[in-house]
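Here is a short briefing on one protein model. Have the sequence and coordinates open as you read.

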Amino acid sequence: MIAYDDLSSGRLDGSYQKQLLALSKKQLLVIDDWGMEKMSQEQAGHLLELLEDRYQTASTIMVSQLPVKEWYNMIGNATVADALLDRLIHNSHRIELGGESMRKLAQSGQIG
């Protein structure tokens, strides 16, 4: 799990490179709830650095309720957004789901 606050703290206490290296060596990194909040420039920079280290060497799964076409605006900084999305979208496989969420269907009794 990427904790942006931990990475920010790592810049202060000197553990940033160690944290980044550990995340970049994971064979599979899952980023869940991507796009729930607009990213700060610092967070976008952390993610860009991580994705650059992982680019074409390891798998990353992004899970989001935000449509891909809205990711650019969520990142904030246009230059960083271009670089991030280039690394995320290039050679990617997209699976887009439609319909009601399983949580809503379960609450309404439509599924067991």
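K104 counts as exposed, because its relative accessibility is 52% and the cut-off for exposed is over 50%. Its side chain meets that of E100 in a salt bridge (3.7 Å, N to O). The model is predicted.

**Salt bridges**
- A search of the whole structure finds three salt bridges.
- One of them joins the side chains of E52 and R87 (3.6 Å, N to O).
- E52 sits in helix α3 and R87 in helix α5 (residues 78-89), so this pair ties together parts 35 residues apart in sequence.
- E52 is partly exposed, at 39% relative accessibility.
- R87 is also partly exposed, at 25%.
- The side chains of R94 and E96 meet in a salt bridge at 2.2 Å, N to O.
- E96 counts as exposed, with 58% relative accessibility.

**Strands and crossover**
- Strands β1 (residues 28-31) and β2 (residues 59-62) pair in the parallel sense over four bridges.
- L29 has T60 of β2 as its bridge partner.
- β1, helix α3 (residues 41-54) and β2 form a right-handed β-α-β unit.

**Helix α3**
- α3 has 14 residues and spans 20 Å from first to last C-alpha, close to the 20 Å expected at 1.5 Å a residue.
- Its buried residues include A44, L47, L48 and L51.

**Nonpolar patch**
- L28, V30, I61 and V63 make a nonpolar surface patch of about 300 Å².
- V30 belongs to strand β1.
- V30 is partly exposed, at 41% relative accessibility.

Methods:
Residues are numbered from 1 along each chain as its sequence is written. This is a predicted model: local features need pLDDT of at least 70, side-chain atom pairs count only at pLDDT 80 or more; totals for chains, interfaces and linings use all residues. Side-chain values use heavy atoms; hydrogens and water are left out. Two strands pair if DSSP finds at least two bridges between them. Helices (H or I, at least four residues) and strands (E, at least two) are DSSP runs, numbered from the N terminus. A crossover is right-handed if, with the strands pointing away from the viewer, the path from the first strand over the helix to the second runs clockwise. Patches are made of residues with over 30% relative accessible area and no salt bridge: like charges are joined within 9 Å, nonpolar side chains (Val, Leu, Ile, Met, Phe, Trp, Tyr) within 5 Å. Accessible areas come from the Shrake-Rupley method with a 1.4 Å probe; for residues, only the protein chains shown count as cover. A salt bridge is a side-chain nitrogen of Lys or Arg within 4 Å of a carboxyl oxygen of Asp or Glu. Buried means under 20% relative accessible area, exposed over 50%, partly exposed in between (1.4 Å probe, protein chains only). The expected span of a helix is 1.5 Å times one less than its number of residues.
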